[in-house]
Amino acid sequence: MTITETQMLDLVGHRFPGGHYRIEHWENWLLTDCTGAEQLPDGLVHPIALFHVPILGSRTSISELFELCGADGPGSVGLESYDWEYLRPLLEGIDYHVEGGISEVDRRTTDDGQVYDAVAFTIELLEGDTVVARVTNRWRFRRAQA
Amino acid sequence: MNVEVGDDLPPWTMPSVDPARMKTMAAILRDPYSVHWDREANARLGLPGRVINQGPLNLGYIVNMLHAWAGAGSVRRLTVSFGRPVLDGECVTAGGRVDSIDEGEGERRAHCRIWLELDGEVVVSGTAVVAVSSASSSATIHS
């Protein structure tokens, strides 16, 4: 096992640096196209932007999260769940303030003995002082047996 | 828009998950995880010749189904869990059903079960809260 349960539990409360993110039209266009949908009207951002915008806007990255949580390589990380709240629709060209961190870690063992850590991170997008979106994502980090 | 508890949402199908779109998505996400674009690396994981679709894209098909039903900008909350991965070339269909309707923040909101199916197997499932009209309009409510 490359990372201990104690090391993982110590990650709870870890805060990302925080920052700002502006979703540009080209980025939203490509994102929407990737889903196979027609482009949205009125500068509306496709709701799945709530995956990467919180991560990148809070000044972390998928790579950093993998490293922080001791990912064991390709195939060792999986998605568990998302909880995404849209208090206002997201729009292109708005400078969102983004902040958050790791909110929960739980080491679990499956029925067939596979050990994994369920890691949740919670991040908010704000426009001024107003929270406009909130995400909690849970990823599974599977651990190799010793 | 008439919405009733028990309504089935019109399904939305992605006939063939496109590996080229996974590459674009990986770039947008700054996702270095090679399972989405490197077939040779995936061969070592037991997926020879295949790449794995990104979870947000799987959820995106569900969002597209909700938009087609209730309009862009209507999604208020998505809570989902993920089952088995979706691979390039597979056909998936998003669906949903209205479980309840209430009012909040000056609008009528449908609380829906949502899912993504692949060959009859649910690979993403959860719930969505969707604005179906302003509270002053006349959505039909049966509880």
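Reading along the sequence, chain A goes α-β-α-α-α-β-β-β-β. That's 4 helices and 5 strands for chain A, where helices (H or I, at least four residues) and strands (E, at least two) are DSSP runs, numbered from the N terminus.

Quick housekeeping: this is a predicted model, where local features need pLDDT of at least 70 and side-chain atom pairs count only at pLDDT 80 or more, while totals for chains, interfaces and linings use all residues. Residues are numbered from 1 along each chain as its sequence is written, and chains are lettered from A and ligands numbered from 1 in the order in which they are written.

Okay, chain B. Its pattern is β-α-α-α-β-β-β-β, with 3 helices and 5 strands.

On to the boxes, along the principal axes. The C-alpha atoms of chain A fill roughly 55 × 35 × 20 Å, and those of chain B roughly 55 × 30 × 20 Å.

How much of each chain is buried? Buried is 20 or more other C-beta atoms within 10 Å of a residue's own, exposed is 12 or fewer, partly exposed is in between, with C-beta atoms placed from the backbone. In chain A, 35% of the 146 residues count as buried; in chain B, 43% of 143 do.

Now zoom in on helix 3 of chain B, where 15 of the 16 residues are buried. The helix covers residues 55–70, and at 1.5 Å a residue it should span 22 Å; the end C-alpha atoms sit 23 Å apart, so that agrees. The expected span is 1.5 Å times one less than the number of residues. Just after that helix, Gly71(B) takes a positive phi of about 100°.
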